[in-house]
Amino acid sequence: MAKSKKQRTTPVAPVQAADPLATLRPQLITGGKTPADVTRDICAPLDHSPGALWWSAFSVSMTALIVGTIAVTYQIATGIGTWGLNRTVGWAFDITNFVFWVGIGHAGTLISAVLFLFRQKWRTSVNRSAEAMTLIAVVCAGLFPVIHMGRPWLAFWMFPYPNTRGSLWVNFKSPLLWDVFAISTYLLISAVFWYVGLIPDLATIRDKSKPGWRRRITGFFSLGWNGSARTWHRYETVYMLLAGLATPLVFSVHTIVSMDFATAMIPGWHTTIFPPYFVAGAIFSGLAMVLTLMLIARKVMHLEDYITVLHIEAMCKLMLSMGCIVGLAYGTEFFIAAYSGNPYEQFVFLNRALGPFSWAYWTMVSCNVLIPQLLWLRSLRRNFAFVFLISIVVNIGMWFERFVIIVTSLHRDFLPSSWASYVPTIVEVATLVGSFGLFFSCFLLFCRFMPVIAMAEVKGVLKSPQRDLKHDSARGDAA
Amino acid sequence: MNAMNQNSDDHRSLGTEPRGLRRLSNGYFVSTEEAPALSRREFLEAAGFSLSLAAMSGCGRAPVESALPFPIQPVGAIPGRLQYYASTCAGCPAACGLLIGTRDGRPLKMEGLPEHPLSQGGLCAVGQALPIGLYDSQRLIGLLRAGKKAEWAQVDEEILQGLRQIKDQEQQVVIVTSTITSPTIQASIDSFLDQFQNAKHVVLDAVSSSAILDAHEQTHAVRVLPHYRFDRAEVVVSFGADFLGTWISPVEFTADWSARRVPREQSPEMSYHVQLESRMSLTGSNADRRIAIHPSNQGPLVARLADKLAAAAGRQLDEPLAPRIAESDENLVSELAERLWNARGKSLVLCDSQEVGVQTQINFINDLLGNYEHTLDIERPSLQRQGNDREVQQLVEDIRAKQVGALIVAEVDLLYDLAGHESLSAEVGEIPLTISFSHRVDEFAAIAKFVCPDHHTLESWSDAEPISGLISLIQPTIRPLSNTRAIVESLAVWSGQPQAAYEVVKDHWEKKIFPRRRSTGSSQFLDFWEQALRDGFVEVSSEAPTIGRFETSVLEPVAQERMSENFSLVLYNKVSMLDSRHSHNPWLQELPDPVTKVTWDNYVSISPRDAAELGIQDGDVVKVSAGKNGSRIELPALIQPGQHDGVLAVALAYGCKGTDRFAKIGPQWIEARPSVSENGLVGVNAAVFVSFHGGTQRYTRAGFSLAKTSRHRELAATQEYNSLELPPEVAPHGAERRKIVQHTTLAAFTKDAEAGAVEEHFSTETQLWPEDHPKPDHTWGMVIDLNKCTGCSACVIACQSENNIPVVGYDEVRRQREMHWIRIDRYYDGEDEDLNVAHQPMMCQHCGNAPCETVCPVLATVHSSEGLNEQVYNRCVGTRYCANNCPYKVRRFNWFKYPYDDTLQNLVLNPEVTVRSRGVMEKCSMCFQRIEAGKIEARSQGLPIVDGAIQTACQQSCPASAIVFGDMNDPQSEIHLALENPRRYRVLEELNVRPAVSYLRVVRNRDEESQHG
C-alpha cells in the first residue's frame, strides 16, 4: 500500500512458454476473451446490484436459515430431546448432516490442490467457488458437532487447553477429538489456500476501484501486490507449497471422520474399509455439490463463457469414477460381512437392505450407484439440465448414505431388547433445512462480493483470439 | 404449589393483623388508611412484616422452625447418616418385613427386612415405591367436609352427632375395608362397631380370593386361607395363580420358590413347576412347563385331575367330577397326576379361580396328596386375604335397599372397585353418613360427606399379622407431614375414647399380643415391646382353628361348558399396580410390566392368532363389550404371545380418579404427548366388568365381543422387539437366534453341568495388550442367577429410589427414552406350545475393556482402580458416543431437564446421589455411594470389608436373592463361589469387553436333553 500508484499493474499471469500440445487441446474459455474481458466479466457483479434471480435465491436461502436458527435456538433452550433420538439411536440427523457437509467440503481442496498438482487446467474456472464452497460447507459441518452436544455451552472442553480442573486433559484416544483437530486443521488450511489464491484478484479489484471503502479493504487484503515477476514468483511458490500441504488433508479429514465409526464396535461401523470408502464418498458428494453450484452460478452470474461444457464434462467424469468406487465399497461391505462369518455383521447388512430402513438403503444405492451410470453417455454428460439433475440426485444419495450408515447400524445392534426405531422430529428437519439455508446464503453472498472465478488463473489459460479455431471446442476432452 | 397456598392459611394464627393494615388472601398486608397517613417508619415496618410472612408461607409444609438443630440429639441419629428402622410394608396385605432407611429424619429407602420369616429380605416394587407416595404433594393435607376444607373438632362433632342419630334410629353402620392384617386396627374397628346394635365390618378386596376361603369353609369347616409353603413343594401345579407376581404374597412365594430353583453340580435337583393359564402371567413365564388353557377348560381339568388322584388314592367318588375332556388334555392330566402322586406331601396345587366349586376340588386334590400340614398350612393360616364377597354382595343390596345409615370406608375405593354396579354411587350418595379415610379424593371420597385422611403408612403406628402368630409392627419414621389422623385415632374419637395411635397399638399389644408370647424371653411387657420394635416382628402362639375332617360331600361334578364363540375376559392386576390406591404413584406407573414391558397404560391383551384374524395391530384401539347391552370400554390392544385364543385380558386398577394429574408429568415441548389416554386418566377402569356370581366376585367371564375402532394409541413399551429370534427376513443363515440368554434342561444339566453353553469360537484368555491396570484392593463384580430371577422388577424401583432416577412420562418412554438404570429384558423364544420366556436383568456391565471409555472425547467416563466404570456427570458434554458404542445399550441420556419443581416430592431424593442435569449421560454405578459408605465404615473400624456388608440396591431388594455382589478379589466371597458355578456365563463375551457382571444359565426342569439354546 505504501507503493506508488504507478507501480501498480493489473496482474496477468506471465505468458507461458508456447506449448505445442496446447494447440491440440480444446479451448476452455469460449467467446474469444481477452484478459481485459475476463476482468470486466468477472468483476461485473461487484459493481452492479444483483438481479431478480439472485434476490429470489437469496431470500429463499435466508428464510431457510431463519427457520434453522429458530429450530437450533429452541433445541438448545429445551434440550436434545426435541430431536427424535433415543437410548439406542444416539446419533441420526445431527451426525448425518455433519458428515454430509464435511464431505461436500472435500471437492474444494481436491479441485484446488490435487488437480493443481496434476496440472489440470480446467480447474481454473471452478476452483475459486469450489474453495469457497469448501469453507462454507466446513462451517456448516462444524456446527453440528457443537449443537449435537447435550451441553453445547461446554464445547470448548473438547480443546486441550491448560485449565484449573486439575489439569484435566482431553481423551486423545477418542475419534471425536481427532475430528476436532482434523476439521479445524482443514478449515484453517482451506481458508489460507482460498485467501492466497484470492490475492491477485483482490489486487485487480483494488486497481479497478474508485477510492473508497472497497479500495481500502481490497488494498489491505491484497497485501501490496504489485504484479512484479518477483511477486508472481513468490505467489506461485506459496501456492504450490500450500497445494502440497492441502493434498494430504483431502484424504486425512474424511479418513478421520470415518474413524468415528470404524473404531467403534457397533456392527456396520466397525469396518476397515471405511477410510477409503468415506474419502471416495466425500469427493463424490463434493463434486456433485460443485456441479450444482456451478450450474446455478453459471446462469445467475452469466458465466456461460467461463464455465463451459468442457468443465462440466470433466467433472462428470470424475464424479462417475467416484460413484463407481462408492458402489464398489457398497458391494465389498456385503462381501466382507458374508465372508467374515461374523453373525452380527451379517445381520446388520441384511437389515440394511431388507430391514425397516431398506427404503433409505435403496434410495442410497439408486442415487449413488445406479443413476450416475447414465454419465457414461457423452450426450448426457453434456446436457446441463441433466447434469444438474444428476448432481441433485447424488447429493440426496450421499446424504442418505450417511443416514443409512449411522441409523441402520445403531437401531438394531447386539441385544434385541434394545432395538428401537427412529423418526425425526420437525426440529431436526428444520435444522437440516437451516444448514442448507446457511450454505446457500453464504454462497450467494460470496458470489455477490467476491470474484467467483479466479481471474488471474483463468487469464493464464486463455488463448489468443487468432487461435480461436471453431473445431477446437468440439474436439476431444478437456484434459 | 397447592400445598403452599393451602398452607398459608395455617400461618394465620402466627400474627394478629397490624393496626391499620388489611390482610389480603395472599398473605400480604395493605394499608386501609390513606397513603399520607402512613409514615415512612410504619411503611417499612409493615413491608418487613408482610415480606417475612410471605417468606414463611412460601416454605410450604416444612415450617421454618424445623430447620433448627435438635436441642437433644435423638439416640443414634447422626446427621447425614442412614438410620434403619424395622417396620412392616403396608403396600398390600402381604405385610412383608420392611427396613426403612431414614436420613436426617426423612424416610428415603425401603428395604426388605432380612430376618423376616416371610419376605426374607425381599421387597417388591410396590413396597420400594412407598416413599414417593409419602412425599406426594397432591395427597390430602387436611380433612374435607362435603368437599370443602374443615377442622377436626368441628367434623368430629358432626360425625359423633350423626352416629348418635343413627344409633337412635337403629340404622346399620358399616365399615368397608380391604383386608386388614393389623390386629390393632381390627380391634379398633370391632370396638367401634360394638357401640351399635346393627353394625358390620365388610372386607372388600379389589382382587379377592374369597372362593378359596369359602371352599375351606365347606371342606374343612373353617373359613381360612392356607399359608402356602413353596419352600416345601417339589412339584407345583398352578391353575392361573400368579403367585410370583401378584397373588396373595408374591415376595414370600418368590423367595420360597426360588430357593428350590438352584440345581447344583453335586445334587442336580430342583422343583418342577407347571402353570396352566389363559393369559401370560409372570409366574407362567417362569414355569418349567406352561400350558395355555381356555378359562372354560380350567374347571374340567381340575376336576379330571381330582378324579385321577382320587382313583390313585383309592378315594374314588360315586360319580366322577369331570366331564369328558379332550384326548390331549387327558394325557396332560395323567402326566400331572403321576408327577403329583409321586411327590405326595411335597407338592402343591393352586388355583386362582373364584368358583367355590373349583376351589373345593383343589382342596380335595391337596387333601388326596396329603399336602395339608406340609405345603398348605391351615393351622397357622394366612390372613393376607380376608375378603368376603358374599358380604360385599349383601352390602350392595343393603345400600340399594337404603338400609345403611353410615358407611365408613378405609383402604379401599368402594365405588371404583364396584364400578360394575350401575348407579351405586347415586345410592351411596343418599346414605346419611359417609366417611372416607382415603389419602386422596377417590371415587368414594368424592361423594363422601367427610374425608378424614389417614396418615401415610410411614407416618403412623400400626401392626400386621400376615400369618396367624407372626405379628409385626409398623412404626412411624417421620412426623405426619400434613393434617391427617390415623384410622385408629379417628375411630377412638368416634367411640368417645380419644387416644393416640401409639397408645392404642401399645395397649393392644400389652393386652392381647403379650399374653400370646412364647415362653422364652422376658416377662416384662416393655422388654417384649422394645424387642419387637427392634426386630420389627414377633412370633407368638396362634390359636389353631378347629379344622373339620375333609368333607367330600361338598364336591360337585363340573358341567361341560359350552365353548362360546365370544371372547372370555380375564381381569388381573399388574405387578406394578396391585390396587387402585397405587395409581397415584409415578414410579409404579412408569414401571414396565414384567411381561409386556408396557408402562403408563392398561390395554387389551389378545392372542396373536385372534389379532391376525381380526386384523388388529399393537396399539389399535379396540372396544370390549360385555354382551349386547352390557358395559363397554375402549382400550389399545396388545398382541400377547402365549395367550390362549379366544381370551382377552385387561388389567384392573387403571383409569383411577385423579390420575389426570399425570397429564403433563414428562418434559413439555412442541411434540410432547400427554401421559393420559383419551379419557384424561391413566388407563381405563376395567372393574366395570367385575360381577358377582355364585357368591364371589368374578374376574373371568365369558361372552365378550371385540371390535376394532379406527383409532390408534401407541403403547409406551420399553422393548420394541421381543424375541431372541431375529426377524426371518434379515436373519443370517445359521445365526437366526441371539444366544444372549443361555438355557438348558435339568436332564442335560445332570449329564453335564456346563450344558447349554454357547460353543466358543473365540478366546478371551489371549490378550493383545498386557493387563496393565492392576486392581489390588477390590474388583467389584456381580453375578445374577437367571434361574432364580423371575423378572418381578422390584430391583428397577429399588434402583430408581436409590439413584434418584426421574420419571419421564408416557411420551418419553414411547420414544424409548426411559431412564431406568436397570431394566429386565424379556424375550419370547419359540412359538405356541414351545414358547419360552426369558427374563434378563440388564444394567451397566462395568466392562474391563469398556467401549464407552475410549470414545469419550472429554474423559467423562473412566475406569476406576476397583473395576468400576464411572461416569463423571460434571465433565460430560453429552456427545452420546459412549451410548452408541455400548453393546448392552445400558447408558441413559438426560434428553431434557426433568422437572424438580415439586419441592415436597424432592424430599424423596437420596442426598448421596447427584441429581443429573440435562445433556449428560448416566448409567448404573453399581451403587457407588453404597460401596464408598461400606469402605468408610470398614476403615473407621479398622477392619477389612466383610463380604456381604456392601449390598447394591437391586441386590438388597431382590425377593429371589438372585443377585450376588461382591469383591471378586476376595477368594472367600460369595461372588467368588458364584463365579466358579458351571452355569456362569457372560453376555456377549465374544466381544472381549470383559464385563464384570456374569449370569448363571437358566435350567428348566424338563426331561428332554436338547433344547435350542
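**Close-up views of a predicted model**

**View 1. Meet V290(A) and its contacts from elsewhere in the chain.** Setting aside its neighbours within four places in sequence, V290(A) makes contact with A107(A), I111(A), V126(A), A130(A), M133(A) and M315(A). As you look around this spot, keep in mind that the model is predicted.

**View 2. The largest nonpolar core.** Stepping back from those contacts, we find V290(A) again, this time together with L287(A): these two residues have the most contacts inside the largest nonpolar core, which has 438 residues. Helix α9 of chain A, residues 274–300, provides the largest share of this core, namely 16 residues.

**View 3. Where chain A touches chain B.** Here the contact draws 45 residues from chain A and 49 residues from chain B. On the chain A side, α6 (175–208) and α11 (343–354) each supply at least two residues. The most comes from α11(A), which gives six residues to the side touching chain B. By residue type, the chain A side of this contact splits into 24 nonpolar, 17 polar and four charged residues.

**View 4. Chain A as a whole.** Along the principal axes, its C-alpha atoms fill a box of roughly 75 × 55 × 40 Å. Of the 479 residues in chain A, 51% are buried. Among contacts in chain A with a separation of 6 or more, 85% link residues 24 or more positions apart.

How values were computed
Residues are numbered from 1 along each chain as its sequence is written. Chains are lettered from A and ligands numbered from 1 in the order in which they are written. This is a predicted model: local features need pLDDT of at least 70, side-chain atom pairs count only at pLDDT 80 or more; totals for chains, interfaces and linings use all residues. A nonpolar core is a set of buried Ala, Val, Leu, Ile, Met, Phe, Trp, Tyr and Cys residues joined through C-beta atoms within 7 Å. A residue is buried if 20 or more other C-beta atoms lie within 10 Å of its own, exposed if 12 or fewer, and partly exposed in between; C-beta atoms are placed from the backbone. Helices (H or I, at least four residues) and strands (E, at least two) are DSSP runs, numbered from the N terminus. Two residues are in contact if their C-beta atoms, placed from the backbone, lie within 7 Å. Ala, Val, Leu, Ile, Met, Phe, Trp, Tyr, Cys and Pro count as nonpolar, Asp, Glu, Lys and Arg as charged, and the others, Gly among them, as polar.
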